[in-house]
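Biologist: I am new to this structure and would like to learn how to read its features. Please begin with pairs of charged side chains.

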Amino acid sequence: MSKVINRLLAVALLMVLAWVFYIFADANLYHYTANMESDTASETLLAKVLYENGHTQPSTWQMSTGRRIIASPMLASFLYPVTAFDLNAAMGLATTLMVVALVGAMLFFNRQIGLSFLESMVAILLTFVLATPESEIQRHIFLYAAYYTGHFICMFLVLGIYARALKKDKLPLIGIIVTVPLAIVNGMQGMHASMFFYMPLLGAEILRVIALFIKKKKINYKITSWVAIISLGSVVSFKVFGTHMVSDVSRNIRHAPEKFFDIVLPFCKSVLWYDRYPLLIALFVILAVLGYVLAITRLKDKPELWSALPIPFGVVVVILSTTFTTAESAPRYYMMQIFIVGVGTALLIHLFKPEKTMCLALLVVFYGITSAMAFDEALVKGDQMAFSAYEKVIAYMEENGYEYGYSVFDYANMITVISNDKVKVRPVNSFAEMEGVKWLSDSTWYPPYKDPNGLTCYVVSEPKKEDFNDFVKKQAPLIIDSKELGVFTVYVTDRDYTVWVD
């Protein structure tokens with residue numbers, strides 16, 4: 001009887017997971033601009049830049065904190081011609097395929113640490129639904145730009161190979177062939193992969209070696225050397241290829257407690273969706289902690305469980321690095337909590353008495369169903385972009401044949417992507433200066449690299465009108481037309497007055 005119930009629960013979990021995935025795919029493919037914001041729009045435009053530059057990031061592109069290689073924009077650059085040059089469709093499809101790859105990597109890791117199909121479904125479904133639907137956590141993993149999905153695909157792939165090596169006490173050659181180049185590429189993309197899982201993996205391996213040394217057990221130094229090579233290789237790659245992508249960060253010892261309680265802790269808390277069923281979320285967190293505690297007690301007879309420890313270690317590394325330095329902090333940096341809760345809860349079911357923990361799977365099914373309905377409402381049914389001021393601006397520009405324009409960063413790339421690149425509105429640092437923004441933009445979008453001749457639109461929000469008036473007083477542009485459209489006023493000038501300053 002218990003086997004039948006187990007199978008029924010596994011099927012139920014799979015069906016709910018498929019439902020949530022369908023909602024994400026629907027949001028990515030058919031409601032791509034529903035929750036559009038400037039950073040996501042910039043990643044979308046990067047996909048076209050990559051396509052036009054032979055799938056490499058040109059020197060003219062002003063990147064943010066890293067290159068996009070194992071990432072949605074890169075995949076979208078290959079899909080762009082496949083989708084009949086529909087930029088939003090290419091990016092939505094790319095993001096959806098990245099999520100498919102993430103699920104595959106998680107299944108690989110889960111299998112290596114011994115999780116059953118039911119337990120894997122618990123881990124993956126919880127990961128999908130623990131964050132608020134339209135939050136930046138979802139945008140960074142499952143939706144629109146999926147900034148860090150490539151990192152987490154790599155994380156579960158590397159941890160799965162690590163688990164297999166510990167289980168067999170042998171490092172497969174394919175593991176070296178795959179993971180060493182992967183570490184270099186991840187370093188080229190920035191420091192995130194090192195903080196999320198390479199350094200935590202190295203820390204876990206050091207602890208494992210110390211434990212074996214104390215117990216006078218045999219140590220396979222080939223595995224240790226491999227972990228050291230890929231972990232340090234990622235850091236070295238970042239130092240060689242990525243030092244120009246981040247601002248200087250200094251120590252913050254004196255104000256560390258203040259920063260932890262005022263900034264870091266609230267951001268950590270905001271990752272999980274505590275607003276709905278807070279007691280249930282708290283229960284999942286507690287169960288996950290118990291799952292990891294059980295895993296630690298079973299490391300002797302199940303050495304592959306060492307591979308699960310870098311996941312919580314990753315959050316610890318980020319918390320320490322953001323607390324004790326002046327590095328910026330944001331909820332997305334602590335997003336690995338969703339993997340901690342998902343994997344930890346599955347570990348509890350796996351390592352405790354399964355017949356006594358099946359009710360946990362029922363709770364996950366219930367939470368998954370209610371989350372799916374909330375996600376559908378927020379991501380699909382709640383799409384109101386067609387009635388927005390952005391669409392009014394786009395319609396005005398299209399109707400009058402105005403293809404090119406500028407606005408501040410908060411709106412420029414958004415308008416471009418919402419129009420699906422039919423109109424091209426580029427970001428300026430301010431209307432008073434009219435200089436191109438050196439952040440998620442391309443120098444070829446501005447004079448003198450671009451021809452300044454031709455009617456040009458300036459999309460000005462109410463708070464920025466004073467800046468625009470300063471520009472008018474300084475340069476006395478010839479304003480051909482102007483139109484108020486919701487919160488924006490569009491000014492049409494005789495030529496392009498912006499400039500790129502190297």
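Modeller: A salt bridge is a side-chain nitrogen of Lys or Arg within 4 Å of a carboxyl oxygen of Asp or Glu. Side chains of opposite charge can pair when their charged atoms come close. Asp 496 and Lys 450 form such a bridge, at 3.0 Å from N to O. Asp 496 is in the segment after β7 (488–495) and Lys 450 is in the loop between β4 (441–442) and β5 (453–461), so the bridge ties together parts 46 residues apart in sequence.

Biologist: What kind of model is this, and how are residues numbered?

Modeller: This is a predicted model, in which local features need pLDDT of at least 70 and side-chain atom pairs count only at pLDDT 80 or more, while totals for chains, interfaces and linings use all residues. Residues are numbered from 1 along each chain as its sequence is written, and side-chain values use heavy atoms, leaving out hydrogens and water. Helices (H or I, at least four residues) and strands (E, at least two) are DSSP runs, numbered from the N terminus.

Biologist: Are Asp 496 and Lys 450 buried or exposed?

Modeller: Buried means under 20% relative accessible area, exposed over 50%, and partly exposed in between (1.4 Å probe, protein chains only). Both Asp 496 and Lys 450 are buried.

Biologist: How many salt bridges does the structure hold?

Modeller: There are 12. In one of them, Glu 403 pairs with Lys 424, with the closest N and O atoms 3.3 Å apart. Glu 403 is partly exposed, at 44% relative accessible area, whereas Lys 424 counts as buried at 14%. Glu 403 and Lys 424 also belong to a network of salt bridges with Lys 48, Glu 52 and Asp 421.

Biologist: Which salt bridge does Arg 208 form?

Modeller: Arg 208 meets Glu 205, at 2.9 Å from N to O. The two are about one helical turn apart because they are 3 residues apart in helix α9 (residues 192–214).

Biologist: How do α9 and α10 pack?

Modeller: Two packed helices are described by the angle between their axes and the distance between the axes. Axes are lines fitted to C-alpha atoms, for helices over the stretch in contact, and angles run from 0 to 180 degrees between N-to-C directions. For α9 and helix α10 (residues 221–241), the angle is about 155° and the axes are 9 Å apart. That makes α9 roughly antiparallel to α10, a label for angles over 145 degrees, with under 35 roughly parallel, 65 to 115 roughly perpendicular and the rest oblique.
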